[in-house]
Amino acid sequence: MVRSTSPRHATRSGAGWLVSAPPETQEAFLAGLSDAALLALPWLFEFWALPHQLPPEGDWRSWVCLGGRGAGKTRAGAEWVRAQVEGARPLDAGAARSVALVGETFDQVREVMVMGESGILACCPTDRRPRWEATRRRLVWPNGAVAQAFSAQEPEALRGPQFDAAWVDELAKWKRGQETWDMLQFALRLGDDPRQVVTTTPRNVPVLKALLDSPSTVVTHARTEANRAWLAASFLREIRARYAGTQLERQELDGELLEDVEGALWSVATLEAVRMRPGEVLPAFSRVVVAVDPPVTGGAASDDCGIVVAGALTEGPPEDWRAYVIEDATVSGASPAEWARAAIAAMRRHRAERLVAEVNQGGDLVEQVVRQVDPLVPYRAVRAARGKSARAEPVAALYEQGRVRHLAGLRGLEDQMRLMTAQGYRGSGSPDRVDALVWALTELMILPAAQWRRPQVRGL
């Protein structure tokens, strides 16, 4: 996969300077255009397009336009098709003569890709506009180019035709995605350089992941806000407020592909399921603790200092206990005094009863640093006798049992959790936030449960 970072995107998207220019500059520019140029200007997409809506340069077979909802992906696909089939004049041949339009269903191809507000018909000037032949499910341009509509629910329909270009919409949603995609690849065999554009909101599905990993794929990406000029401000405010801090926000609005790492102790689905929804209220906890995973050294080049706050309801037998992760107060590049102050501040914010700190690296110095900030802080030193993954597995089991919930806004912590596997951490650096989480939930849930059961075992 090649991600487009070419500075030429900014120059190809020519309207940016005009929009921000003073009114007199705008008027002078428009006054210098002929009548024909003024009439043509609304149809010159390279002039008006956002950077992510333009195909990258270079030798590629697939262009994947990833983006959040409303980021302008449909317009990018429609304009790319138009650029492929149109010639210099209305009846001149373009680079492509036979195009496949593939969507999740026929209805979506027709209503979104063809007839939608940003679809092909809306993007074409009157002298180049194709006609829609409903019975044959195809568009026919004045120069003879044809685009056929296909449903991803019927992959076999792609077995016979052949094409020199294709537009694939919302590939990540297709129920028979891999099968339909494979059939399209066999059909994309006409001309000297058959190409395809894929416009989609990302999802963690194999067909999209494999496409992004292909060396012949290029990618552009944009968040929903990139196209805010064409979106209602109230929509942006409401949608961000409603889904802030969720995986859905990152996928559907930020256009991020959230992948599960093989063997991960926590999956994307698991973390989404445990997150508290807007309106949910935290209970009155039996206990609240702050756990700290201090870095070996302090300063800008040091690892983060993981600081996690968690509370628990521990009434009744352990199987009824529930824990809540309520803040990730991790600090970066902090000196020992700075991270100690941050940890004590978190304790005070949440009225925590104890500070738990790993001392494998710092030993007694960790407590000394903490007590310089608050000499009377209730403190417990913990020392790791097992590896990070081994310590994390019992905590991951609590999540599998549905006994842990997350407050919204724990993105950094959850990103590290998705990269923690039974074989080790798959991210860069140290999983400081996960370490702090593990110590917090071990203090609240794992150790008390073991102590609760011990007297019963002895009495047998």
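Trainee: To how many disulfides does the count come?

Mentor: This is a predicted model, in which local features need pLDDT of at least 70, side-chain atom pairs count only at pLDDT 80 or more, and totals for chains, interfaces and linings use all residues. Residues are numbered from 1 along each chain as its sequence is written, and side-chain values use heavy atoms, leaving out hydrogens and water. A disulfide is a pair of cysteine sulfur atoms within 2.5 Å. By this rule the number of disulfides is 0.

Trainee: How far is the sulfur of C123 from the closest cysteine sulfur?

Mentor: C123 is buried because its relative accessibility is 3%, where buried means under 20% relative accessible area, exposed over 50% and partly exposed in between (1.4 Å probe, protein chains only). The closest cysteine sulfur belongs to C124 and is too far away for a bond. The distance is 6.7 Å.

Trainee: Is C305 buried or exposed?

Mentor: The relative accessible area of C305 is 1%. C305 is therefore buried.

Trainee: How many salt bridges does a search of the whole structure find?

Mentor: Side chains of opposite charge can pair when their charged atoms come close. A salt bridge is a side-chain nitrogen of Lys or Arg within 4 Å of a carboxyl oxygen of Asp or Glu. Across the whole structure, the search gives a total of 36.

Trainee: How many residues apart in sequence are the parts that D435 and K388 tie together?

Mentor: D435 and K388 form a salt bridge, with their closest N and O atoms 2.5 Å apart. D435 lies in helix α18 (residues 432-458) and K388 in helix α16 (residues 388-400), so the pair ties together parts separated in sequence; helices (H or I, at least four residues) and strands (E, at least two) are DSSP runs, numbered from the N terminus. D435 is buried at 3% relative accessibility, whereas K388 is partly exposed at 31%.

Trainee: Which residue meets E272 in a salt bridge?

Mentor: E272 is buried, its relative accessible area being 18%. The N to O distance between the two side chains is 3.3 Å, and the partner is R277.

Trainee: Is E133 buried or exposed?

Mentor: The side chain of E133 meets that of R131 in a salt bridge of 3.1 Å, N to O. The relative accessibility of E133 is 16%, so this residue counts as buried.

Trainee: With which side chain does that of E358 make a polar contact?

Mentor: E358 lies in strand β13 (residues 354-358) and is buried, at 9% relative accessibility. Beyond its neighbours within four places in sequence, E358 is in contact (heavy atoms within 4.5 Å) with residues including V292, D293, P294 and R391. A polar contact is a pair of N or O atoms within 3.5 Å; within protein, one must be able to donate a hydrogen and the other to accept it, and residues adjacent in sequence count only if both atoms are side-chain atoms. At 2.7 Å, the partner of E358 is W439.

Trainee: Is R351 buried or exposed?

Mentor: R351 is not a glycine, yet it has a positive phi of about 55°. Its place is in the loop between α14 (336-350) and β13. Because its relative accessibility is 75%, R351 counts as exposed.

Trainee: What is the relative accessible area of E170?

Mentor: E170, also not a glycine, has a positive phi of about 50°. This residue lies in the loop between β7 (165-169) and α9 (177-187). E170 is buried, with a relative accessible area of 16%.
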